[in-house]
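Let us walk through this structure step by step. Keep the sequence at hand as you read.

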Amino acid sequence: MSGKGGKQSRMSDRKATGDEDEEHPLQAVLVADSFNRRFFPVTKDQPRALLPLGNIAMIDYTLEFLTSTGVQETFVFCCWMAPQIKEHLLKSKWCRPTSPNTVHIITSELYRSLGDVLRDVDAKSLVRSDFVLIYGDVVSNIDVSQALQEHRHRRKMEKNISVMTMVFKESSPGHRSRCEEDDIIVAMDSKTHRVLHYQKTQGLKKLQFPMNIFHSTSDEFEIRHDLLDCHISICSPQVAELFTDNFDYQTRDDFVRGILVNEEILGNQIHMHVTKDGYGVRVSNLLMYDSVSSDLVRRWVYPLTPEANFTDHKGHCCTFSRHNVYRGSGVSLGHGSQMEENVLIGCDTSIGANCHISNSVIGNNCTIGDNVILDHTYIWNNVHIASNVTINQSVVCDRVVVKDGVTLNKQCVLAFNVVIGPNISLPEGTVLSMHHPEEEEEDDDEFLSDDAEVGQSKDKTKQKVFNPKEVGEEGKGYVWKANSLDDTEDEELAHCLWGLVLNPDPESESEASEPEDPDDPVIPSPEMDDVKVFQMEVLGTLQRGLEENIGCDNLVLEINSLKYAYNITLKEVMQILTRVVLDYPFQQQGPQLTTAQYVALLLPLLKKWAPVFKNYVKRAQDHLDCLSAFEEHFLEAESHWAAMVKVLMNMYQLEILEEEMILRWFSQGATTDKSRQLRKNQGLQKFIQWLEEAEESSEEEA
Amino acid sequence: MELQAVLMAAGGGSRMTDLTYNTPKPMLPVGNKPVIWYPLNLLERVGFEEVIVITTKEVQKMMSTDSKIKEVRMKLDVVCIQEDGDMGTADALRHIQQKIKTDILVLSCDLITDVALHEVVDLFRAHNATMAMLMSKTHEFTETVPGQKGKKKTAEQRDFVGVDHSGKRLLFMANEADLEDGLSIRKSIMRKHPRMHIKTGLEDAHLYCLKKAVVDFLTENKSISSIRGELVPYLVRKQFSKTTNSSKIKDDTDDQSQKKTDNVANHELVISSRDEGLLQLAQERSCWNDHRGDMSEAYHGGKLRCYVHIMDQGLCFRVNTLAAYIEANRLAPKLFEEPAVHPSAVISDRCQMGSDSIIGEKCQIADKTSIKRATIGNYSSIKEKVKVANSIIMHHVTIEEGCNIQGSVICSNAVIGRGADLKYCLVGNGQRIDAESERTNEVIVGTNQLMEI
């Protein structure tokens, strides 16, 4: 990874040649706001872009990355705590007249999302050609010049088709620099590197890809889960316009989804660039902060190393010695103290005797007492730590005072100005802040609407008392619990500061809980036999007919075509049709219908579908088939024999069945005991009697 | 014996019924050799000494008299199955289960390829795979097909084949027809194989190496009837299902149906192999791993593994359509160095013959004929002033004087009347074409043959 030596010269080469064919200098849009609250309550006092990472504000890494890629003009958009960011930038080397990268700071309280920023870019028409879009918390040393070239080439070949090139870094699933929440799955066209599908995978067990993405001309696709989204994108000026056109795009994910879904309509495409080496990670939660910090100390982000002092701050230089130990100037180390490995100590920090420090970063002007054990700990500036303190994988912000005998277990956060101790052990995952959690809610309002009363909340704060059980006798601070925050409807807050890390091995668990694949039939099911399928289809047809009010002629047409499709004889059609219709009320309402309800439901249906029946029931044999199906149905539904007469009567009246045939069926059809029994049904006998009489009388008349 | 070869030669050729009406598919002549000769030759070249041939009575009879088949030195163990028994390939395997003693190599009789067979077998060996198969890029047929109006539509359903980053491990397989609701892949598979290539332009060559345990599994599981249609997709899916990967499933069998427990037993069969213990040990002791990014054991502990060898170059296709048949006749002779003209053929000196033509045994070719890019079968006779170009003429065909035959297929025993002009026609078995008739782009078959269709 340290083979980046030739980078600087390559950069200058590229710049020299780039200037010839490109009139416009390369521009970048840097969004110095995350538009979420993942770092709350830490970011209540300092914006995320200014949080120190290896004792340097995160935004400086981003700007250094942009400058080294050849960006000559950067627009920094700030919203939350904009004055602080502005002040920081004005003091930095980026605003010196010699800076190769001109930084413009644009602030507005009104930005609520990336979308707002880009709409503003469009409104102010800041960008003239392709630009790099990046967040203020990205740490990277990726050489994007190749991606840029590819992007420009694509735009030249096919004018304005490709609007964005996303930069990804190859890294296996579960890699430390991959943020679990940010895990993505990408489907791409192998040849053109076009992004076909882009999806976050968190919480998904099955990954679905719509078929239309595979309809392109290519015959080779790749589905990749080994990519780390660096949150660096090369955009064409159209991107800003598209954000303006689509006011519902809030984030880049919205944008990507929108472009991919509407690809066929708008004709815009997104491409990707995958880099194998280089480093590019967005610090999106504290776990990522931990990973990136340790990667930085382990020199994975070379040439951005702690001793390089690329921000050019006076007196911020430090020395680098083996085991990745860095010491700033004026560091004093007590007798017997050890800096084991991967330790970075800022300027003018003094450490007492017999301390063990490993895998940690300590800021400037800190004082640390004796017998202190620090592991995976990030201590910012001006922190006082007394003696006999143990801290494990935690973050300690500026001006915190940790008194004697305090133990911080894993994943504690002490926000600005907190005082803790003495002699207290904080449980895992404790978050302490000088801001009261309830204040947060009001702040939230204030944040959203300008006319909230600020004074009121301040009054409240004063009334609150620190709980010595939580912070120790002399402690100052309030406990924040992700789940104690009552606005659970706010999704951002439901996430905890550290991200989803508490689950040590999410993979194994998710796999263990994975049920046997439901669409993985152990034995391929035998094909349904055609008659069954036909019956289902007829039922479906009738159902649809009812819902959409389809005419009987069309129903007949459909049933006929089904008949041919499944090779069904006319006799079977008749029987199935009869059965389906008679069964219809049960199908729809369930088998618990009473006889009265059944009849009430069935009769209108019979009336409606009488023409369908008439179409099929023509010859004498048809009548008998229909009647035998009728009989079969009622043999199965013994409890509904009372309905039999009414149904039969109805069918007779609707001229579906002829009396002659009914009589013939009644006299001949009985073959089993049950059907004989059926014929003995009182109502039925009465009906038959009535029919016979009617016939006689009609004969007489004749 | 490491592998037993099984040749499936009972297929009727239902996609080219005009050709197979009288001659069953395995016996159709390609370059004057029956189709079945090509896979037999493939096996013989790599050193197989014995082949189990599953076929029908009819084919067996024809094979016993065919001169080319007699040249095959391997021992042919011919097993006949009922012709219209509607038996699938997996059924056929089940049928010969008694004969199977080791792992098997199954292939179809209509495969014409110059693949280096060891590539497939090596995958099978190297990864101790349950199945290894051969695929190739879809062959594009360029010749004009008789009786076909316009360009052939490419609306056939594509197969989606997913392989891992090395392009060898088979991870996913489905037909477009089954993917109406979109392609769905479990995340756990993606975690194990984070880079999956999905290829659509591939064709299955119907050549599979299978573990013996798979055959045993088939005998237990009677519902699977086709290798390609059911068994292969089943094996591919099973690679990632938990039942095969962990044995603890046994504990909770009480609530499962009897059927299911039977199945579990079957899977145990699938994964066990002769040297299981040694292999296990080798894997434990070895630092070799088939993937990157984590330290979990090789193959992620999965015991059922499917591999595929994808041919990038070379010839590989199946003779199962008319277009493929014509293509095969054009290309197959180039695979072998053999004299184009059979020594027993009688050819007039005044015949113009291109070097890309093949003349079969005891052919008679008269004066002033012109034969270009054509295959002429055994015992055929071509009279004076006949022009044959781009055509396939099977056995015992008589072509009378002055005919002009172009881009056509003429089946055995046909007689072409004097001065007939045939362009892009298919003449069925035993047909007689009237003298002086002109036919273009037609399929000429007997009426009873038509009825059958």
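A:E655 follows helix α20 of chain A and has a positive phi, near 65°. This is a predicted model, in which local features need pLDDT of at least 70, side-chain atom pairs count only at pLDDT 80 or more, and totals for chains, interfaces and linings use all residues. Residues are numbered from 1 along each chain as its sequence is written, chains are lettered from A and ligands numbered from 1 in the order in which they are written, and side-chain values use heavy atoms, leaving out hydrogens and water.

Now step back to α20(A) itself. The helix covers residues 641–653, which makes 13 residues. From first C-alpha to last it reaches 19 Å, close to the 18 Å expected at 1.5 Å a residue. That expected span is 1.5 Å times one less than the number of residues. Helices (H or I, at least four residues) and strands (E, at least two) are DSSP runs, numbered from the N terminus.

Which residues of α20(A) are buried? Among them are A:W641, A:M644, A:L648 and A:Y652. Buried means under 20% relative accessible area, exposed over 50%, partly exposed in between (1.4 Å probe, protein chains only).

Next, take the whole chain. Chain A has 23 helices and 36 strands. Of its 702 residues, 54% count as buried. Contact means heavy atoms within 4.5 Å. Among contacts in chain A between residues at least 6 apart in sequence, 60% join residues at least 24 apart.

Last comes confidence. pLDDT, the predictor's confidence in each residue, runs from 0 to 100. Chain A averages 81, and 85% of the residues score at least 70. Over residues 442–462 of chain A, pLDDT stays under 50.
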